[in-house]
Amino acid sequence: MAASAPPAPPSTTRRRGVQPLRAAEGHSYLWRRLHSLSGIVPIGAFLIEHILSNFETWNGPVAYGKQVLFLNSLPLVRILEWVFIFIPLAFHAGYGVYIWLRGRSNVNVYPWAGNWGYYAQRITGLIAFAYIIQHVWRQRFTGVDLPHNPGMAFHKVQVELHNPWMLAIYVIAMIATCWHFAYGIWLFAAKWGITPGDRARKRFGYICAVVGTGLCIMGLASIYAVVWKYPNAPVNALPDQHSSLTLPASTSLATS
Amino acid sequence: MGTATLEVPVTQKTATSARRIKVEIRRQASPDAKATTETFEIPYRPNMNITSLLGEIALNPVDVSGRETTPVTYDSNCLEEICGSCAMLIDGKAMMACSALVDRLLGDKPDKTITLAPLSKFPVVRDLAVDRSVLFENLKAVKAWVPIDGSYDLGAGPRQQPQIQEQRYPLSNCISCTICMEVCPQFNDATGFVGAATIAQAKLFNMDPAGSVLKEERLRALAGDGGIQECGFAQNCVQACPKQLPLTEAISDMGRDVFVQQVKDFFTR
Ligand code: SF4
Ligand code: FES
């Protein structure tokens with residue numbers, strides 16, 4: 001029945017359509033795998049640290065101030081901050097946008113669970129990226145310098161969350177970030193061949209869901225503590241802490 | 001195939017005795033021609049599939065307005081979902097035309113119009129026929145074969161254990177239909193992603209006791225640009241594959257093997 005014209009003979013010009021595999025050529029493998037890995041360590045590890053530290057707000061402004069003070073007294077904290085947080089985050093976000101731009105999401109045509117996950121991973125990544133830019137700018141690099149004044153951390157966040165729009169942004173970003181991380185661990189295990197079997201992937205999916213939900217609840221509880229549990233926190237919860245004691249100066253893990 | 005011989009099933013509730021199937025087809029006379037849409041109405045018969053529907057049009061290529069046109073070009077051969085040639089977009093989704101049943105597509109809406117279009121990610125040759133040779137190029141790029149040629153008789157191949165056979169069999173079912181590539185959000189002009197089928201075939205031949213001699217070359221090939229790293233694990237491939245290949249498992253397994261090979265090469269090459 002209906003025969004088709006044979007495919008156009010190979011011409012000297014670039015072939016039409018999607019290009020074939022460039023076998024063993026190029027460096028995209030390294031960058032793509034680094035992107036995948038950086039999402040787990042150091043960024044994922046930092047996210048866990050950050051949410052655990054923030055959860056100290058549950059114990060009040062003094063406890064939170066002490067946590068910020070502790071983090072800022074880690075050796076080489078400024079170097080740690082750049083090497084393990086800012087640079088990997090910038091790479092992960094930048095390369096992530098590049099990945100997003102080159103994908104052609106088709107969840108409208110094929111509305112399947114995994115395809116939704118693919119789409120959501122890009123949307124939540126973009127939300128987290130936009131949020132983190134303003135968060136780092138407003139909480140780490142402008143306003144009260146928290147590395148010098150760890151006792152003022154609670155109050156600074158409280159003032160920030162006093163704005164209902166900002167509160168909504170924090171809640172949305174918390175959920176998006178935890179989703180992105182939890183699904184990211186699942187994707188990591190699948191792509192690196194840690195969970196090849198269908199059942200293994202499903203089982204690990206439940207574990208990731210528990211981790212993500214747990215982190216998200218802790219994060220939201222911290223927001224609750226700052227806004228409602230300890231209203232009218234003192235501007236400085238650790239008035240005895242002189243800035244000279246909080247060496248090394250001018251960086252903070254907990255507020256970045 | 002006169003209308004007089006048509007048997008109308010009792011379940012049919014249309015007012016006229018001769019029920020007709022409406023089908024809208026995206027057509028394109030040549031690779032560079034502008035795409036147009038033509039609508040046809042075909043007398044209904046129970047248990048039709050899309051290839052038999054296209055056959056009806058070929059018998060009488062007249063569109064719904066009575067205008068004479070050319071028979072619709074499409075690829076097909078086996079008519080039993082084994083040659084892999086008849087993939088197209090049916091109601092917008094990639095499917096095999098010969099195993100897409102009209103009754104099922106219409107469901108409980110007998111007046112629905114079925115739409116047919118060529119696969120969207122491959123260059124159109126004409127109408128519904130597309131050039132899918134990129135898959136062939138990809139299979140060559142990963143050496144998806146068992147090297148058995150020599151200048152002398154190589155003798156019998158190594159024995160293949162049934163356990164290995166069992167794992168390989170589902171992967172050997174691939175019919176090169178390219179549906180897994182069509183539905184993949186990462187398979188596009190920007191990434192030049194190799195697609196699930198080629199990765200699965202690389203695994204199939206890596207697991208062959210004789211084919212495994214090329215294992216390292218296949219794994220290196222898959223780390224090239226457009227290689228396995230481009231997979232975003234949307235898992236559409238495994239959902240859409242008409243032959244139910246365990247594609248996500250293959251990608252995961254090969255992801256590990258490719259990584260191990262890269263680390264090995266980094267330290268030893
Ligand atoms: S893996 Fe499945 S969907 Fe992909 S080409 Fe083979 S048979 Fe078709
Ligand atoms: S005609 Fe062979 S698969 Fe459809």
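**The interface of chains A and B and the fold of chain B**

Between them, chain B and chain A bury about 4600 Å², and 55% of this area lies on carbon and sulfur atoms. In chain B, the residues that lose the most area to chain A are B:Asp225, B:Gln229 and B:Phe233, which together make up 14% of what that side buries. The contact draws on 63 residues from chain B and 48 residues from chain A. The structure described here is a predicted model.

The polar side of this interface can be described next. Between chain B and chain A, 26 residue pairs are in polar contact, both residues being at pLDDT 80 or more. Several elements of chain B take part: α1, β4 (93–96), α3 (133–141), α7 (215–221), α8 (236–240) and α9 (247–268) each supply at least two residues of the side that touches chain A. The largest share of that side comes from α9(B), with 9 residues. Sorted by class, the side of chain B that touches chain A holds 28 nonpolar, 22 polar and 13 charged residues. Across the interface of the two chains, 3 salt bridges are found. One salt bridge joins B:Glu230 to A:Arg102, where the closest N and O atoms are 2.5 Å apart.

Chain B itself can now be considered as a whole. Its secondary structure comprises 9 helices and 7 strands. Taken along the principal axes, the C-alpha atoms of chain B fill a box of roughly 75 × 40 × 40 Å. Of its 269 residues, 50% count as buried. Among contacts in chain B between residues at least 6 apart in sequence, 65% join residues at least 24 apart.

Strand pairing supplies the next level of detail. Strand β1 (residues 20–27) of chain B is joined by 8 bridges to β2(B), and the two run antiparallel. Within this pairing, B:Lys22 has B:Glu41 in β2(B) as its bridge partner. Strand β1 of chain B is also joined to strand β5 (residues 113–117) of chain B, here by 4 bridges and in parallel. In β5(B), B:Ile114 is the bridge partner of B:Val23, and B:Thr115 is that of B:Glu24. Strand β5(B) is in turn joined to strand β3 (residues 87–90) of chain B by 2 bridges, and these strands run antiparallel. There, B:Leu89 has B:Ala117 as its bridge partner in β5(B).

B:Ile21, B:Val23, B:Ile25 and B:Arg27 form the covered face, whereas B:Arg20, B:Lys22, B:Glu24 and B:Arg26 form the uncovered one.

Two individual residues complete the description. B:Asn47 is found in the loop between β2 (36–43) and α1 (50–59) of chain B. B:Asn47 counts as exposed because its relative accessibility is 66%, which is over 50%. B:Asn47 and B:Leu101 are separated by 54 residues in sequence, yet their C-alpha atoms are 6.7 Å apart in space.

In chain A, A:His35 is placed in helix α1 (residues 28–40). With a relative accessible area of 13%, which is under 20%, A:His35 is therefore classed as buried. Apart from its neighbours within four places in sequence, A:His35 is in contact with A:Phe91, A:His92, A:Tyr95, A:Gly96 and A:Ile99.

Notes. Residues are numbered from 1 along each chain as its sequence is written. Chains are lettered from A and ligands numbered from 1 in the order in which they are written. This is a predicted model: local features need pLDDT of at least 70, side-chain atom pairs count only at pLDDT 80 or more; totals for chains, interfaces and linings use all residues. Side-chain values use heavy atoms; hydrogens and water are left out. Buried means under 20% relative accessible area, exposed over 50%, partly exposed in between (1.4 Å probe, protein chains only). Contact means heavy atoms within 4.5 Å. Buried area is the accessible area (1.4 Å probe) that two parts lose on being put together, summed over both. A salt bridge is a side-chain nitrogen of Lys or Arg within 4 Å of a carboxyl oxygen of Asp or Glu. A polar contact is a pair of N or O atoms within 3.5 Å; within protein, one must be able to donate a hydrogen and the other to accept it, and residues adjacent in sequence count only if both atoms are side-chain atoms. Ala, Val, Leu, Ile, Met, Phe, Trp, Tyr, Cys and Pro count as nonpolar, Asp, Glu, Lys and Arg as charged, and the others, Gly among them, as polar. Two strands pair if DSSP finds at least two bridges between them.
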